[in-house]
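Have the sequence and the 3D view ready.

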Amino acid sequence: SDWSSDVCSSDLVWVAAGVPRDALNVFAQAMTKASLSGSKRVSVSSINLAASETVNAKVKELDTDASGEAANLHIVLEQVKEFCIKQQRKNAFLIEIKADDELFQRLRKLVDLRLLHVINEGISVGEAGRKYLALILDYGFYIGVRAARSVDLFNKQTKKVAYKDLRRLPVLKSA
């Protein structure tokens, strides 16, 4: 019964983007992986593997949960991953809050499906009167990617997020 003294460690909280259900799910899967490998402790690699498998399950659920819009949501998700991981080398970004914008609406649906997570509901960057939503990619999207080592992980220490750090995030723009 010595699974880990750090069940609620900042690493697990960070991997789950502060979502309790995801943290419990990832940790349960990591415990299973550790047990199957004969370990009595949950390791970082078992948490990473569980996070990667969890995001794959979420992507499969997208087809069921968003049936009519699934194809468009997959396209937007790939655009976000390309923008964040390959172009910006960051795991978080900003999108201007525009209720009538198609991209913004699809990103909100990806949040509902737990593929993206909200860091901040509304921050201004530069111009007054324009608000941005700060989002972070689910950890499972980039942990297994070779390029993940060069991705700048936002708020890895899970400290209180400073507005100056949010304002430095890249802005994803609508086409």
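Which residues in α3 meet which residues in α4? Val-59, Leu-62 and Asp-63 in α3 meet Ala-70, Leu-73, His-74 and Leu-77 in α4; contact means heavy atoms within 4.5 Å. By class, this contact of α3 with α4 has 5 nonpolar, 1 polar and 1 charged residues.

This is a predicted model, where local features need pLDDT of at least 70, side-chain atom pairs count only at pLDDT 80 or more, and totals for chains, interfaces and linings use all residues. Residues are numbered from 1 along each chain as its sequence is written, and side-chain values use heavy atoms, leaving out hydrogens and water.

Now for helix α5, which spans residues 102–112. Helices here are DSSP runs of H or I with at least four residues, and strands are runs of E with at least two, numbered from the N terminus. The buried residues of α5 are Leu-103, Phe-104, Arg-106, Leu-107, Leu-110 and Val-111 (buried means under 20% relative accessible area, exposed over 50%, with a 1.4 Å probe and protein chains only). Seen down the axis of α5, these buried residues fall within an arc of 165°, so they line one face of the helix. On the other side of α5, Glu-102 and Asp-112 are exposed.

The buried residues of α5 pack against these elements:

| Element | Residues |
|---|---|
| α3 | 44–65 |
| α4 | 70–88 |
| β1 | 92–96 |
| β2 | 116–124 |
| β3 | 131–137 |
| β4 | 171–172 |

After α5 comes Arg-114, whose phi is positive, near 65°.

How values were computed
Arc of directions from axis to C-beta. Nonpolar A, V, L, I, M, F, W, Y, C, P; charged D, E, K, R; others polar.
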